[in-house]
Amino acid sequence: MHTSKRRQTTSIILFIILTLSVISSCGNGDRVAPESSASVQTENALIDSHIHLYLEEWNEALETSFIDMHERDNYRWFNICTHGLKWEWLKRQVEISKGVYSRHPEHFSWATSFNLENWGDSGWEKDAIDFIGDSFDNGAVAVKIWKEVGMELKDPDGSYVMIDDPRFTPVLDYIEERGQVLVCHLGEPRNCWLPLEEMTVNGDRNYFKNNPQYHAYKHPEIPSYEEQIAARDRILEQYPKLKVVGCHLGSLEYDTDEIAKRLDAYPNFAVDMAARIIHFKVQDREKVRKFLIDYQDRVLYATDITVRSADGFDDRLGTVSRVHSEDYRYFATDEMIRIDERDEPIQGLNLPDEVLKKLFTENAVKWYGI
Ligand SMILES: [Zn+2]
C-alpha cells in the first residue's frame, strides 16, 4: 500500500483496501466482505449506475441475500430494465424492479423501458407512454432506449428506425415533461464497425468473433457508426432540457476527446462507463486522468454486470463486489494493474478524493435524482 495515498484517503478507500485484501487472500470469486465495511463506508454508498437484474425468478430469499450484500458493502444498485423487442421479458424485469424498489428504495433505483414489439401499430405510442408513466409512479427515474433502435428495429420497408425518428417524439416529450432521464445505449463500440484485426481491445475482438451476427462490419446494411452517433447527437440538440445519460461512454469509448466534444456541446449530457473501463485503460493514462478531472461532474461509475439466474445467485453477487473493488482500485490508487490487453501492467489513475466521490456516488445522485 502507498503511505502517501493512505494519508489522503477517505473512509471509502479504506473500505476498498480492506475488501481487496480479503478478496486477494481467497481469490475464488466467492462473496467475501470485511466485517467492518458497514461502519467505515457509510457516508459514501457506492452506486453502480448501470447493472441488470435479468432473472425470471424472484423470491424473498433472493431479496434477502441481495439486500444483505448492499447493506454490508454499502452499495446502491441502479437497475436498468431493457429490451423493447423482448416485451414479456422486459415486463418481468419491470415487475421485479417495482417490487424491490417499493421495499428497499434506499438500496435500489431503476430505469424502465417500453414495448417495441408493437412498433407501427396505431396504439404503440399510447401504450409506451402509459407504461412509462406507470413505471414513474412506481419509482422509476429514467427510461432506457437500447441499441435495438438504430441496429435492429425496422419498418416494414426494411429501413432501420433511428432514435431521431419523429415517431419517438411523444415519448421523449413525455420523459422531459415528467422531469425524468433518458438513458440510452445507442450504437456500439466503434470497434463493431471495424475488422477484427483493427479493434482496439481484445474483449470486443473476442465478442464479435464469437457473435458475428452482431458484428456490423459484416453487415453493411446496418447504419454506420457515424450515423448512430449523429442521430443521438441530434436528440441532444433537439432536447436541451432533457437529461440524457449515454451508456457505455456514449459509444465514444475509443477516445476521451470525442466524449469531451459532446459534453462541451451538450450540457444536458452525461455518460456512464458501463463495460467500457477497459477503453480508459488502453488510452494514455494522463489524458484519461485529465478527462476525468475536467469532466468530473459528467461521468458515472457503472459496470453493466448482469445477474441472470437464481442458481449461483450469491456467487454472482460476489462477482459484483469483486468487480466494484477492482474498478475502484484502478481509479483510486496508483498501483500497477495487469490487463489482458497489454504485456506490461498499467498504472491506476490515483484520482483525487473529491473526483472519486463524484464518479462513484454523487453524479448518479445528481443526474438521476436518486
Ligand atoms: Zn447494460
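Which residues does L182 touch, not counting residues up to four places away in sequence? L182 touches A142, V143, I145, L172, I175, L242 and V244, where a contact means that the C-beta atoms of two residues, placed from the backbone, lie within 7 Å.

Before going further, a word on the model. This is a predicted model, in which local features need pLDDT of at least 70 and side-chain atom pairs count only at pLDDT 80 or more, while totals for chains, interfaces and linings use all residues. Residues are numbered from 1 along each chain as its sequence is written.

The protein chain averages a pLDDT (the predictor's confidence in each residue, from 0 to 100) of 90, and 88% of the residues score at least 70. Take some care with residues 1–42, where the pLDDT is below 50; this stretch has 63 contacts in the model beyond near neighbours in sequence.

On the overall build, the protein chain has 16 helices and eleven strands. Both are DSSP runs numbered from the N terminus: helices are H or I with at least four residues, strands are E with at least two. Of the 370 residues, 43% count as buried, meaning that 20 or more other C-beta atoms lie within 10 Å of a residue's own; 12 or fewer makes a residue exposed, and anything in between partly exposed, with C-beta atoms placed from the backbone. Among contacts with a separation of 6 or more, 75% come from residues 24 or more positions apart.

Now to the sheet. Nine strands form an open sheet with parallel pairing, in the order β8-β7-β6-β5-β4-β3-β2-β1-β9. Its edge strands, β8 (299–300) and β9 (306–307), each pair on one side only. Strands count as paired if DSSP finds at least two bridges between them. Some of the pairings are set out here.

| Parallel pair | Bridges |
|---|---|
| β3 (residues 108–112) and β4 (residues 142–145) | two |
| β6 (residues 243–246) and β7 | three |
| β7 and β8 | two |

Individual residues mark these pairings: A111 stands opposite A142 in β4, G246 has V271 in β7 as its bridge partner, and D272 is partnered by L300 in β8.

Strand β7 (residues 269–272) is covered on both faces, with F269 and V271 buried on one side and A270 and D272 buried on the other. In a regular strand the side chains alternate between the two faces of the sheet.

Back to L182, which sits in strand β5 (residues 181–184). L182 counts as buried because 24 other C-beta atoms lie within 10 Å. V143, one of the residues that L182 touches, is 39 residues away in sequence and 5.1 Å away in space, C-alpha to C-alpha.
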